[in-house]
Amino acid sequence: MAYSNNILMMKMSQFILYPLIMLILLALPTLSTSSFNVLIGFGAKPNGLTDSTDAFLRAWEAACASTEVALIYVPKGRYLVRPMDFKGPCKSPYITFRIDGTLVAPEDYQVLGGAENWLNFQRVSGVSIVGGALDARGSAFLSITYSKDIKITGLLSLNSQMFHIVINHCENVEMRGVRIIAHGDSPNTDGIHVQLSKNVAIYNSAVGTGDDCVSIGPGTQNLWIERMACGPGHGISIGSLAKDIDEEGVQNVTVKQAVFTGTQNGIRIKSWAKPSKGFVEGVHFSNIVMRNVQNPIIIDQNYCPSHVNCPTHVMTGIKINDITYKNIKGTSATTIATKFDCSSGNPCSGIRLEDVNLTFQNKPAHSLCANAKGISFGTMSLFILYPLIMLILLALPTLSTSSFNVLMGFGAKPNGLTDSTDAFLRAWEAACASTEVALIYVPKGRYLVRPMDFKGPCKSPYITFRIDGTLVAPEDYQVLGDTENWLNFQRVSGVSISLSITYSKDIKITGLLSLNSQMFHIVINHCENVEMRGVRIIAHGDSPNTDGIHVQLSKNVAIYNSAVGTGDDCVSIGPGTQNLWIERMACGPGHGISIGSLAKDIDEEGVQNVTVKQAVFTGTQNGIRIKSWAKPSKGFVEGVHFSNIVMRNVQNPIIIDQNYCPSHVNCPTHVTGIKINDITYKNIKGTSATTIATKFDCSSRNPCSGIKLEDVNLTFQNKPAQSLCANAKGISFGTVLPDSCLLN
């Protein structure tokens with residue numbers, strides 16, 4: 001990360017501890033992360049009654065004026081605030097708004113006056129809004145304009161009277177885990193509105209409002225929406241467009257893995273029947289489920305919701321081209337499930353329908369087309385209606401989604417007392433044997449289950465485990481016997497679950513909460529292409545060997561936006577791990593993120609290409625650790641990158657330990673050890689709970705090499721911490737505190 005060049009030179013006393021030798025060296029200063037607490041530092045009141053607007057604005061001004069990475073922290077509580085403008089550009093390269101409380105708008109609408117938005121971020125860059133709730137109480141909500149490199153994570157937005165979140169004239173915006181709630185009858189309460197922006201991504205979010213879940217306006221480019229739940233509301237809409245003659249077009253929009261429940265529309269393109277230079281091109285809708293949706297698929301080029309004084313320029317209209325609908329399944333609330341009502345003068349073209357199955361009251365639904373050109377592939381289950389001429393065609397057979405409810409269909413008991421193991425296994429067998437896309441549904445409740453093996457390969461191309469309840473293990477440890485894992489998925493492909501997963505590929509785990517495992521909570525073993533998002537793992541900090549996520553002998557594993565607090569490693573990375581990506585993780589309590597322990601076996605596989613970024617460690621025994629036994633092994637660690645990490649009172653923030661022996665009894669003394677090379681630590685900041693913040697204890701026969709330290713700032717009790725090195729070679733860049741003890 002680039003910082004200001006106007007850095008004053010100053011002397012800092014640092015202790016560098018080598019075995020048998022202590023050297024006192026002069027150190028360069030560093031720009032540490034600055035924290036601005038609206039409660040303690042600026043006088044905000046968390047009672048929901050006292051106006052805290054000034055406190056928030058002063059905290060923003062201080063953070064914006066800082067030349068350091070900045071954190072604005074909003075503790076738990078309710079904060080009453082009037083409309084606020086958070087303006088840039090800022091000197092700080094990166095500002096995080098961490099909200100653990102709730103921001104509340106005034107109940108008196110007149111207090112808002114003529115403000116268009118309640119909270120407005122304008123001309124900012126590198127801003128993240130993390131967590132918290134925003135209760136608009138009927139006012140307009142959050143607007144981000146003329147900004148770039150924005151991230152919004154885990155935000156809850158309630159009861160805006162207009163758009164909840166507006167992205168306008170922005171670039172590189174990412175939203176994850178956003179929840180938006182307004183009454184289904186509240187008018188014009190669009191969830192997320194995007195316009196005149198490019199490179200916007202929305203993941204793992206849920207929107208229920210009185211208008212569009214997502215509305216996509218003119219000038220939108222490269223929009224990606226994945227894993228969204230929509231309902232109530234008007235669906236996901238491109239438009240309305242053609243309001244102006246010189247309007248910009250919409251292009252490269254992807255919506256995938258979305259569920260629409262009881263909405264007015266599903267996936268919609270809408271434009272007025274007016275002349276316009278606008279267009280829609282390169283839109284892809286795929287893997288979408290409709291549940292009782294009035295208009296599941298619709299293009300409406302005669303949009304006029306009031307039906308009063310509607311324009312009638314039927315020979316013009318915007319150009320709509322290259323629109324793909326793939327694997328769209330579910331139920332329509334009306335007989336017309338697919339409607340393409342396009343301009344006669346500018347027909348829709350390049351429409352592609354592939355594997356669409358929409359029914360109405362358990363029968364094939366109908367479709368209506370006007371001036372729409374395209375092709376269809378695969379299985380289509382629709383009757384086709386053309387204006388003036390109705391052609392009733394026999395539908396080809398279709399592979400519909402099969403649902404297996406463990407409660408209703410297989411006899412599981414949600415009381416937490418009755419053994420439901422057989423019900424779950426029979427549901428799995430049925431889903432696995434199905435030749436259709438399958439859903440195993442676990443309703444709310446507590447389900448007592450013994451160890452279970454969910455084995456493949458399966459005939460079903462895709463199985464979703466939807467868990468709205470809680471699975472409970474037996475309290476009697478003897479019931480588990482010698483079973484290694486409580487829940488085990490083996491030799492499966494294309495499974496989304498919500499645990500041991502072995503010899504499997506193309507696995508997704510989203511929004512899972514795992515509580516109080518007796519050993520590893522989640523094990524990924526001999527797997528390929530595994531993605532975890534929004535996983536939460538909780539165990540007591542004193543519970544032994546309760547690693548959160550363990551990965552070994554696997555490649556292409558990614559973990560995003562997760563929180564782990566256990567009695568052992570938050571993530572443990574075993575031999576044979578390749579291409580592991582961990583981003584935005586909160587770790588604590590626990591032993592940190594650890595590669596190892598390694599060198600248990602002579603023929604052990606290596607660990608390579610591991611990235612850990614944007615992580616926070618709180619009160620952990622270790623931060624980022626590589627640990628191996630002092631034994632001969634062909635194993636290795638190579639290509640590891642740790643960056644943008646915050647340590648909060650961590651005992652060993654940075655550590656490589658090639659003499660790992662936790663019991664300190666009968667420890668091996670083979671000084672060979674594995675080869676550790678190409679390890680990067682960049683922008684690591686925070687506090688150590690011990691004097692030694694950086695420790696590289698490597699093998700004398702096989703020294704660590706290629707270690708790179710860049711912009712590291714770790715302190716102990718508000719003073720410079722210390723570092724210890726043995727047999728460690730590398731280089732340092734920028735400001736590094738404690739001073740580097742690496743050998744060149």
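Which backbone oxygen does the side chain of His234 reach?

Modeller: The model is a predicted one. In it, the side chain of His234 reaches the backbone oxygen of Gly210, at 3.4 Å. His234 itself lies in the loop between strand S22 (221-230) and strand S23 (236-241). Leaving aside residues up to four places away in sequence, His234 touches Gly210, Asp211, Asp212, Gln264, Asn265 and Arg268. The UniProt annotation "active site", taken from an unreviewed entry, covers His234 and His591.

Two of the residues that His234 touches, Asp212 and Arg268, are themselves joined by a salt bridge, with the closest N and O atoms 3.0 Å apart. Asp212 is placed in the loop between strand S20 (198-208) and strand S21 (214-216) and Arg268 in strand S25 (residues 265-271), so this pair ties together parts that are 56 residues apart in sequence. Both Asp212 and Arg268 are buried. The pairing extends to a network of salt bridges that links Asp212, Arg268 and Lys270. In general, side chains of opposite charge can pair when their charged atoms come close.

The other residue under the annotation, His591, may be described in turn. His591 is found in the loop between strand S52 (578-587) and strand S53 (593-598). Its contacts, again not counting residues up to four places away in sequence, are Gly567, Asp568, Asp569, Gln621, Asn622 and Arg625. A polar atom of the His591 side chain lies 3.3 Å from the backbone oxygen of Gly567.

Most residues other than glycine have a negative phi, and most peptide bonds are trans. Gly588 and Pro589, however, are joined by a cis peptide bond, with omega about 0 degrees, and Pro589 is placed in the loop between S52 and S53. A cis peptide bond also runs from Gly596 to Ser597, where omega is near 15 degrees; Ser597 belongs to strand S53. In strand S52, Arg584 shows a positive phi of about 60 degrees although it is not a glycine. Arg584 has a relative accessibility of 13% and therefore counts as buried. Asn644, also not a glycine, has a positive phi of about 55 degrees and is found in strand S56 (residues 636-650). With 27% relative accessibility, Asn644 counts as partly exposed.

Lys151 and Glu583 are both buried.

For contrast, a pair elsewhere in the model may be set beside these. The side chains of Asp422 and Arg450 meet in a salt bridge, at 4.0 Å from N to O. Asp422 lies in helix H3 (residues 421-433) and Arg450 in the loop between S37 and strand S38 (452-455), so the pair ties together parts that are 28 residues apart in sequence. Asp422, at 48% relative accessibility, counts as partly exposed, and Arg450, with a relative accessible area of 33%, is partly exposed. The count of salt bridges comes to 16.

Definitions and conventions. Residues numbered from 1 in each chain as written. Predicted model: local features only at pLDDT ≥ 70, side-chain atom pairs only at ≥ 80, totals over all residues. Heavy atoms only, no water. Buried < 20%, exposed > 50% of the residue type's maximum accessible area, 1.4 Å probe, protein only. Helix = DSSP H or I, 4+ residues; strand = E, 2+ residues; numbered from the N terminus. UniProt positions renumbered as here; feature names shortened; annotations may be inferred. Contact = heavy atoms within 4.5 Å. Polar contact = N/O pair within 3.5 Å; in protein donor to acceptor, adjacent residues only side chain to side chain.
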